[in-house]
Amino acid sequence: MLSTNFVLVTALLYVVLLFVLAFFSDRRARRGRDRLLRSPLVYTLSISVYCTSWTFYGAVGSAARNGLEFATIYLGPTLVFVGWWFLLRKLVRIGHEHRITSIADLISSRFGKSTTLAVLVTSIAVMGTTPYIALQLKAVTTSFQVVSNVTHTALLGYPIEAGDTTIGFWVAAAMAVFTIAFGTRNLDANEHNPGVVAAIAFEALVKLFALLAVGSFVVFGMVGGVREVFSQPAITDMLATDTSFGERWVTLTLLSAIAIVCLPRQFQVTVVENSDENHLRTASWAFPLYLLLTSLFILPIAVTGLSLLPTGSNPDMFLLTLPMLAGEEALALFVFIGGFSSATSMVIVASIALSIMVSNHIVVPTALRLPFFSLDASGDIKQLLLVSRRISIACILFLGYLYFSVSARSDALAAIGLIAFAGVAQFSPALIGGLFWRNATATGAIAGLVTGFALWVYTLFLPSLFTGGALAGFVEDGPFGIYLLRPHALFGLEDIDPLVHSLFWSLGLNAFVFVVVSNWTSQKPIEKLQCALFVDVFRNVAGTESRVLQRRAAIKDLYVLAQRILGPTETHRLFEELTHGRVNLETLPAPDARFIAQIERRLAGNIGAATARALVSQIATGETISLDEIIKLVDETQQVVEYSHQLEEKSKQLQSIAEELRLANDRLQQLDALKDEFLSQVSHEVRTPMTSIRSFAEILLDTKDLGPEQTRRFVGIIHDESLRLTRLLDEILEMSRLEKGELEFDSVPLDPEVMVDRAVDTCQGMARKEGVTLARGTRAGGVRVSGDDDRLQQVLINLLTNAVKYNTSESPRVEVHSRVSGDCYEVDVRDNGPGITDRDRIFDKFTRGRDQPERGRSGAGLGLAISRQIVLRMGGELFLVEDGIKGACFRVRLPLDTSSVSAALSPPANSP
């Protein structure tokens with residue numbers, strides 16, 4: 001087994017390695033050789049500070065206790081980086097434009113640089129992060145005791161007992177030393193910390209490789225493969241407790257998504273430490289990939305630990321105890337270092353972020369208000385910031401240690417982490433609402449934060465401390481025994497998971513109060529300005545703030561103020577940059593509003609926007625905020641939005657017009673094709689009789705010895721072809737007049753049965769000649785329709801003639817039936833011939849559905865087209881019936897005349 005001294009020396013050597021790495025990285029950055037440190041790869045690895053000892057040790061414990069619930073901690077950030085990339089981009093852009101130093105600085109800046117809001121956010125951040133720091137101390141202490149324990153109880157991964165928190169104290173002290181040494185080297189909080197970032201990126205690789213190493217060993221070395229892992233009986237028991245996709249699953253996913261944005265340490269590395277906005281493009285896929293790799297072996301390790309380790313073993317320590325069970329001491333030590341990296345990286349970055357917030361928004365503003373605290377020397381505020389940040393780091397880690405001492409008996413790392421997540425989640429309504437909602441006010445943000453923070457403390461934070469002893473009754477019975485005020489069942493909301501319950505009340509009422517109070521209150525002028533600058537950050541141009549905010553100040557006063565905060569060297573460099581090399585205060589002109597705004601923004605990078613505004617306001621006079629300019633600014637933005645919408649609408653209209661033009665063009669092409677086809681068909685139909693006439697006329701002219709009979713036959717052919725040509729031209733003219741509506745119709749009440757009888761009688765001679773039986777079938781009687789009797793008879797004769805001419809069956813038969821159907825009169829002309837070959841185009845001009853050219857029965861193909869137009873002019877329809885019976889059936893349907901009597905069926909007439 002590993003000895004305590006060996007593990008301790010290894011941990012110390014690792015800390016020394018971090019010091020050396022941070023030192024040389026800082027040194028390279030100061031020499032301008034920081035290309036690698038400013039790469040998207042290092043930026044992405046620094047974001048992995050999200051993966052603390054909770055995700056390193058606690059994810060396995062969560063999987064062993066609650067099945068797939070552990071995946072929510074990875075799913076939430078993945079959804080944000082993949083699906084909410086625009087939110088991160090907006091945060092980074094605002095951070096760069098306004099030199100934001102922390103999440104408290106961003107929220108307070110958005111709401112008019114409110115000092116009250118900055119203090120409130122800082123206080124909540126400290127209280128919300130304290131349990132998280134305690135979690136890291138607990139994880140390091142427990143893992144150290146497990147890996148260095150030489151007794152048989154090591155494999156149990158036992159929780160810490162009273163008196164075992166000494167190790168945690170020294171771990172906190174070591175982390176404080178490192179953070180103070182490398183986290184406060186740059187007083188400009190907006191400047192990057194290359195040494196710290198390099199150490200965090202290195203630790204990200206260490207914990208990733210440790211997880212992959214122990215996961216591979218467990219799956220392939222201890223169990224024998226992936227299939228064997230999931231064949232173990234423990235998988236059934238573990239998944240039996242799984243509550244995937246339930247209310248707790250959704251809550252945890254939402255909570256982790258909020259945490260990746262609102263955790264102070266995540267804001268520090270994602271926004272403040274970002275050197276290039278384009279790095280987010282790489283992080284949007286690389287960070288989810290990192291999370292996937294870290295979670296790859298969580299479930300197999302949990303299943304194997306439940307199967308192989310003694311009953312009652314601590315699931316949070318399976319990563320350590322499984323290699324120890326197999327006698328792999330080197331691997332166990334590597335895992336310990338990986339867990340140590342997870343804890344130290346979080347504590348370092350969180351301490352830096354919180355110390356900046358505490359010094360900028362609490363210490364310095366408080367010191368400036370104390371009458372006995374003189375701050376008149378050059379660099380005095382700079383020195384105060386430096387000292388306050390170092391003291392803040394020590395105090396924050398001490399608070400984490402105190403919470404760790406109180407909650408050390410808790411056996412679940414994940415529970416502590418979720419408490420911290422729920423605390424910082426209270427920032428989300430003000431943060432997200434402030435970025436996208438123009439009507440959000442500082443009063444609404446403060447009211448929402450106070451409400452949410454108080455409920456979080458009452459329903460989750462305090463119950464985590466009062467888990468036993470005399471104060472346990474507070475959780476079980478409520479304060480003073482008031483049952484409805486029980487922290488885990490507030491106002492009678494029982495049988496709900498404590499985390500879901502707490503988030504429902506705290507975050508729900510936080511957002512509700514924020515919206516309601518914002519709608520009830522109005523924005524101050526400075527809030528309106530900041531709202532326009534933040535909400536429309538992608539549309540604003542340089543100088544927008546100075547155009548709206550007008551003020552005056554003496555150049556010497558600005559120089560002295562800058563010296564107090566930046567020091568003489570940095571102040572001289574700043575004024576040299578802003579005055580283009582002329583740093584003679586006696587000859588410089590009075591600074592304009594733009595110059596003052598640049599000074600304030602530069603100071604905000606050191607002391608925060610709220611404090612910088614307060615200090616500049618002490619020396620600036622005549623400060624006015626032009627409401628007209630704000631309205632104009634908002635109007636310009638609104639005009640851009642409206643113009644964008646107009647362009648979008650015009651684009652849609654153009655697309656619609658283009659589609660209509662395309663359809664019209666297609667229709668014109670179709671009409672052009674139809675015109676060409678029509679002309680071709682007409683020329684063909686005209687050419688046929690004309691050719692015959694010309695041929696026989698030439699024979700008559702050229703041949704002198706023709707006999708009388710032959711001459712008479714040729715003249716008869718010329719006469720018949722002339723009549724055929726005349727009919728063709730008449731039909732073409734009639735079709736044209738029908739389509740143009742120029743043909744006059746008589747619309748009078750008539751008896752259609754009379755027209756049917758006349759048409760049948762007219763066609764009887766032709767039917768006998770062709771050997772076709774023309775019969776009257778079932779008929780309607782006493783019917784009246786409105787129309788033209790000659791035109792109706794023309795239609796019926798055309799249908800009957802076609803049916804007789806083209807019926808080539810062995811026993812050709814044509815029947816005529818009529819009936820009343822609803823409010824319409826119908827007459828069918830049915831034959832038992834070969835049927836229609838082209839049913840879809842049968843009513844088109846020059847279309848023949850039943851050509852019989854060998855028998856001389858091919859017409860011009862206009863009869864049906866003309867008949868349909870006639871029926872349509874009479875308010876009816878002509879169509880081909882599809883009933884599956886051999887032959888063809890054409891149906892004429894006409895509306896009944898209002899004066900018609902009820903139809904009655906008469907017996908079928910005898911066939912002639």
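In this predicted model, the charged end of Lys90 sits over the ring of Phe436, at 4.3 Å from the centre of that ring. A second contact of this kind involves Arg265, which lies over the face of Tyr132 with 4.4 Å to the ring centre.

**Aromatic pairs**

A pair of aromatic rings is described by the distance of the centres and the angle of the planes. In the structure as a whole there are 23 aromatic pairs, and two of them are set out below.

| Pair | Centre to centre | Angle between planes | Arrangement |
|---|---|---|---|
| Phe23 and Phe24 | 5.4 Å | 85° | edge-to-face |
| Phe86 and Phe436 | 6.1 Å | 70° | edge-to-face |

Phe86 belongs to helix H5 (residues 85–98) and Phe436 to helix H20 (residues 428–436), so this pair ties together parts of the protein that are 350 residues apart in sequence. Phe436, at 39% relative accessibility, counts as partly exposed. As for the pair made by Phe23 and Phe24, Phe23 is partly exposed at 37%, and Phe24 is partly exposed at 44%. Elsewhere, ring pairs link Tyr14, Phe144, Phe202, Phe336 and Phe340 into a cluster.

**A buried glycine**

Is Gly195 buried or exposed? Its relative accessibility is 1%, and because buried means under 20%, Gly195 counts as buried. Gly195 is found in helix H9, which covers residues 194–223. When its neighbours within four places in sequence are left aside, Gly195 is in contact with Ala22, Ser25 and Asp26. Gly195 and Leu18 are 177 residues apart in sequence, yet their C-alpha atoms are 9.1 Å apart in space.

**Cavities**

Rolling a probe the size of a water molecule over the atoms shows where empty space is left. The count comes to 7 cavities of 30 Å³ or more, and the largest cavity has a volume of about 120 Å³. The lining of this largest cavity is made up of 12 residues, among which His98, Lys113, Arg601, Ala604 and Ala609 lie nearest its centre. Two or more lining residues are given by each of helix H28 (593–607) and helix H29 (609–619), and the largest share, 4 residues, comes from H28.

Notes: Residues numbered from 1 in each chain as written. Predicted model: local features only at pLDDT ≥ 70, side-chain atom pairs only at ≥ 80, totals over all residues. Heavy atoms only, no water. 1 Å grid on protein atoms, 1.4 Å probe; cavity = no way out; pocket = protein on both sides within 12 Å on 5 of 7 lines; lining within 4 Å. Points joined across faces, edges and corners; volume = space filled by probe spheres on them. Buried < 20%, exposed > 50% of the residue type's maximum accessible area, 1.4 Å probe, protein only. Contact = heavy atoms within 4.5 Å. Phe/Tyr/Trp six-rings, centres within 6.5 Å; stacked < 30°, edge-to-face > 60°. Lys NZ or Arg CZ within 6 Å of the ring centre and 35° of its normal.
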